[in-house]
Amino acid sequence: MRIHHLNCGSLRTIPPLGSDPAPGAAHRARPAVCHCLLIETDTDGPILVDTGIGTTDLRQPDRALGADWVAYAQPVLDPRESALHQVARLGYEPRDVRHIVLTHLHRDHTGGLADFPHARVHVHPDEYRAVTDPSAAHHRHSVERFMPAHRAHGPLLSPATVDGHTTWFGFPGVARPQGLGCELLLVPLPGHSAGHAGVAVRDDDGRWLLHAGDAYTYHGELEQTPPLAHPVFEPVQQGAQTDAAVRTATRDRLRALVREHADEVTVFSAHDPWEFAHLAAVTGPTHDGR
């Protein structure tokens, strides 16, 4: 199995904070990213984790992504960064991607869904219920953030299966995507969306990677004491979250995970460009210079 780190959508350039040395990456301003994974497996073909900004978004970004979001996030809208183009550069046809696993159903994570309309889209069952059941908590909030342009093709949403006895480093409510043979889990990281989850995958060396989605957005939130949030990310986080107290508790659990299991788990978020630069350098670049 090989895991590729893909930036599927550069966003506005953000500076590092002066008190943070940004370990493992060059200490300079960088565009925020939409950090996705392409996991090459022997049993399930290539699996995408999140899809970033897709080709549908490039044609009418204000309509597809929302004019206010575009004005603040300032997406670069480079077609070479789409998951569709990066999958092709790695030697795959779009139909080869039969499974997509999402941390949650917000616009900067679902933009590429329409580029893989045949793929089964795995989400945590709490996220699935929030967008499909009008009686669910946060239903309206969840549907509003699952952009119409990203679901117009009728994506094949599939709720993962929760085993009440399964935990992951003490995190309860872990779910397994149906039909996958590889060791991949959806780990509840609530607070940002109704069913927000991290995606945990074990590499060939036995080490876990946890794509933590938007449970946090800047490495200083996990590495600094007290937690150091980035002022560019915070307004977006506060506007999107479903429960601020729960999100803070989730962040603190991730801080403990990193503190106690750094030799077993690598945790990264969806938008921190310094984390992405470090991890992409380890696995090698996937396209020209980004």
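## Backbone, sheet and voids

Pro-226 sits in the loop that links α9 (220–223) and α10; helices here are DSSP runs of H or I with at least four residues, strands are E runs of at least two, and both are numbered from the N terminus. Another loop, between α3 and α4 (83–89), holds Leu-77. Phi of Leu-77 is positive, near 60 degrees, and Leu-77 is not a glycine. For context, a negative phi is what most residues other than glycine have, and most peptide bonds are trans.

Keep in mind that this is a predicted model, where local features need pLDDT of at least 70 and side-chain atom pairs pLDDT 80 or more, while totals for chains, interfaces and linings use all residues. Residues are numbered from 1 along each chain as its sequence is written, and side-chain values use heavy atoms, without hydrogens and water.

As for pLDDT (the predictor's confidence in each residue, from 0 to 100), the protein averages 93, and 94% of its residues reach 70 or more. Residues 285–290 stay under 50, and the model gives this stretch 18 contacts (heavy atoms within 4.5 Å) beyond four places in sequence.

Now the sheet. It is open and mixed, with six strands running in the order β1-β4-β5-β6-β7-β8; two strands pair if DSSP finds at least two bridges between them. β1 (2–7) and β8 (156–159) are the edges, each pairing on one side only. On average, neighbouring strands are turned by 25 degrees against each other, direction ignored. At one end, β7 (residues 120–123) runs parallel to β8 over four bridges, and Val-123 faces Pro-159 in β8. Helix α6 (residues 125–132) packs on the sheet, touching β7 and β8, and its direction makes about 130 degrees with that of β8. Those angles run from 0 to 180 degrees between N-to-C directions, with axes fitted to C-alpha atoms, for helices over the stretch in contact.

On a 1 Å grid over the protein atoms alone, a cavity is where a 1.4 Å probe fits but cannot get out; a pocket is an open set with protein on both sides within 12 Å along at least five of seven lines, and lining residues have an atom within 4 Å of a point. Volume is the space filled by probe spheres set on the points, which are joined across faces, edges and corners.

| Space | Volume |
|---|---|
| Largest cavity | about 50 Å³ |
| Second largest pocket | about 480 Å³ |

Leu-77 turns up again in the cavity lining, as do Cys-8, Asp-78 and Glu-81, among others. The pocket has 22 lining residues, with Trp-69, Asp-108, Val-236, Gln-237 and Ala-240 nearest its centre. α3 (67–73), α5 (107–110) and α10 (234–240) each supply at least two of the pocket's lining residues.
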